[in-house]
Amino acid sequence: MDSEIASLTLRALRRVLRATEIGSRQLATTTGLTPSQLLVLREIDTRLSVTPSAVAQALQFSQATITAIVDRLVALGFVQRQRGERDKRQIHLTLLPAGRDALADAPDPLQKRFTDRFDALPTWEQAMILAATERLAVLMDADSIDAAPLLDSGRIDRSEPN
């Protein structure tokens, strides 16, 4: 029976991995963006003007990761960097029309669906899921791997979708 439960657990993990892969592929096909690039674009869109530091803090990404992602979004013509009016050392990010179009065309990301549904669960169930997934990370020797809160495989600061 134990091996049957292990097999069922591995199948469930595989379905999660596949869902993540399929969602990333759909996003790449539709917009040419990675999930992390889409999250950064959405975060910039929620504000009139935002600093890269504020985006990094909101998404729990490193500053270096945000810089690499913003570089790609600027190269795509989705975002522009502007020097601050009062403090010329500060950089502000604003969304360009092409970025708004990409957001409008983007499918509902798996991460948003997960977060919306997870937030609707009772607190005890959220805690149970967290404990189980943290335990899975330990069982797979993945507990020391640095990971941003993002449903995507591979490096989050990659410039091209997989």
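Start by selecting helices H2 and H5: H2 passes H5 in a left-handed crossing, meaning that the near helix is turned anticlockwise from the far one by less than a right angle. Helices here are DSSP runs of H or I with at least four residues, strands are runs of E with at least two, and both are numbered from the N terminus. What you have open is a predicted model, in which local features need pLDDT of at least 70, side-chain atom pairs count only at pLDDT 80 or more, and totals for chains, interfaces and linings use all residues. Residues are numbered from 1 along each chain as its sequence is written, and side-chain values use heavy atoms, leaving out hydrogens and water.

**The H2/H5 crossing**

Stay with this pair: the two axes come within 10 Å and cross at roughly 115°. Axes are lines fitted to C-alpha atoms, for helices over the stretch in contact, with angles from 0 to 180 degrees between N-to-C directions. Now show side chains: Leu38, Leu41, Arg42 and Asp45 in H2 meet Gly99, Arg100, Ala102 and Leu103 in H5, where contact means heavy atoms within 4.5 Å.

**Down the axis of H5**

Next, select residues 97-105, which are H5; the buried ones are Gly99, Ala102 and Leu103. Viewed down the axis of H5, these buried residues fall within an arc of 100°, so they line one face of the helix; the arc is that of the directions from the helix axis to the C-beta atoms. Turn to the face away from the buried side and you will find the exposed residues Pro97 and Ala104. Buried means under 20% relative accessible area, exposed over 50% and partly exposed in between, with a 1.4 Å probe and protein chains only.

**Into the core**

Select Val40, Leu41, Ile44, Val55, Phe61, Leu73 and Val79, the residues with the most contacts inside the largest nonpolar core, which has 25 residues. Such a core is a set of buried Ala, Val, Leu, Ile, Met, Phe, Trp, Tyr and Cys residues joined through side-chain atoms within 4.5 Å. H2 gives the most to this core, with five residues. Center on Ile44: beyond its neighbours within four places in sequence, Ile44 is in contact with Val50, Val55, Val79, Leu93, Thr94 and Leu95.

**Last stop: H6**

Finally, select Phe114 and Phe118, both in helix H6 (residues 110-119) and four residues apart, about one turn of the helix. Their rings form a stacked aromatic pair, 5.3 Å centre to centre with 25° between the planes. Rings of Phe, Tyr and Trp (its six-membered ring) pair if their centres lie within 6.5 Å, and planes under 30 degrees apart count as stacked.

Technical notes
Rings of Phe, Tyr and Trp (its six-membered ring) pair if their centres lie within 6.5 Å; planes under 30 degrees apart count as stacked, over 60 as edge-to-face and the rest as tilted.
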